[in-house]
Amino acid sequence: MYSYKRILVPTDGSDVSAFAEQAAVDFARAHGSEIVTLSVAKPYPAYAAAEASMAVDPGLDDQALRDWAERNVRRVAAAAAAAGVPCTTLTVFSHSASDAILDAVTEQQCDLIFMGSHGRRGLSRLLAGSETQNVLAYAQVPVMVMRPPDKSGHRPRP
Amino acid sequence: MNEVQGTNASQASQASEASQTSRRNIFERILVPTDGSEASQRAILAGADFARELGAEIVGFIATPEFRVLSANPDVLADTPEQYAVGSSERAERLLADIGQAARAAGVPCRLEHAVSDNPHEAIIDAAGRFNCDLILMASHGRHGIAGLLLGSETQKVLVHSKLPVLVHR
């Protein structure tokens, strides 16, 4: 049985992500849950071959990525603060967003994941193709997949 | 004070009402489809818990395939469409009864619905709309789990086509 008290909210700063973030905050406020938000900074491909050195020699690109991830989680933290929801922010460097998300679920003892989806185009760009599948297939906790309303039309709030 | 004119004030008051409502019930009616698989059974139990936690109600749903004279699906093999209809209704009732039982055990209001369709994902999305559900809760994979396919094909299709949130249970 899940109590849904600690919700992992991965974010990539996109609009689709924003929709899921707000839904997670609303849900957390209604159910007295906390939020753990995570932004995964993916090292640029050039670094992929030099993963070992990257850890000890972060360059300017790394700093830019770190700043980007920080901005993403701060947006969630601000929404949570506005709703009076406790929020922990995490940023990690990882080549695999899905691995980072699955690790965070375990380490942070989360019992629910909230993520955004583009529908036909898949989950937010944070999770391309197989990574989406990995999270949905391997997460030991339920995954709430939120679809933002189409820009053309309206739909009732969830 | 209460008669403040202008659309802003009335919008604000509506917004505040809406947020009060959503504070109580983010999700009010949850569609829980089943295909009789073990994964669905687990999702049903989790769904009943979730609904209780949220104060929501459940619509249990199953889609059974249409009659075919020739089929690789043993559930569909029957002599006549009439026999088939009886058989598949019985099967649907049996599987829906599991949802009813889980809902009762959790003290959650529940209704059960059966549709005949060869496209379960369409039937699921259609049912969610027809019964005014605001969430679909389903297993990440169903009966046709194939090693190597991490995510069930129907779940995948519901995720792609549903405009409602989908809560995926492993």
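Trainee: How many helices and strands does chain A have?

Mentor: This is a predicted model, where local features need pLDDT of at least 70, side-chain atom pairs count only at pLDDT 80 or more, and totals for chains, interfaces and linings use all residues. Residues are numbered from 1 along each chain as its sequence is written, chains are lettered from A and ligands numbered from 1 in the order in which they are written, and side-chain values use heavy atoms, with hydrogens and water left out. Helices (H or I, at least four residues) and strands (E, at least two) are DSSP runs, numbered from the N terminus. Chain A has six helices and five strands.

Trainee: Where is A:Leu102 placed, and is A:Leu102 buried or exposed?

Mentor: A:Leu102 lies in helix H5 (residues 97-107) of chain A. Buried means under 20% relative accessible area, exposed over 50%, and partly exposed in between (1.4 Å probe, protein chains only). The relative accessible area of A:Leu102 is 18%, so A:Leu102 is buried.

Trainee: Which residues does A:Leu102 touch, leaving out those up to four places away in sequence?

Mentor: Contact means heavy atoms within 4.5 Å. With residues up to four places away in sequence not counted, A:Leu102 touches A:Asn134, A:Val135, A:Tyr138 and A:Ala139.

Trainee: What share of chain A is buried?

Mentor: Chain A has 158 residues. The buried ones make up 49%.

Trainee: Now chain B. At what angle do the axes of helix H2 and helix H3 of chain B cross?

Mentor: Axes are lines fitted to C-alpha atoms, for helices over the stretch in contact, and angles run from 0 to 180 degrees between N-to-C directions. H2 (residues 38-54) and H3 (residues 81-106) of chain B have axes that come within 9 Å. They cross at roughly 35 degrees.

Trainee: Which residues of H2(B) make that contact?

Mentor: On the H3(B) side are B:Asp98, B:Ile99, B:Ala102, B:Ala103 and B:Ala106. H2(B) brings B:Gln41, B:Ile44, B:Leu45, B:Ala48 and B:Arg52.

Trainee: Which residues of helix H5 of chain B are buried?

Mentor: Helix H5 of chain B covers residues 153-161. Its buried residues are B:Thr155, B:Val158 and B:Leu159.

Trainee: Why do the buried residues of H5(B) line one face of the helix?

Mentor: An α-helix has 3.6 residues a turn, so residues three or four places apart point the same way. The arc is that of the directions from the helix axis to the C-beta atoms. Down the axis of H5(B), the buried residues line one face because they fall within an arc of 100 degrees.
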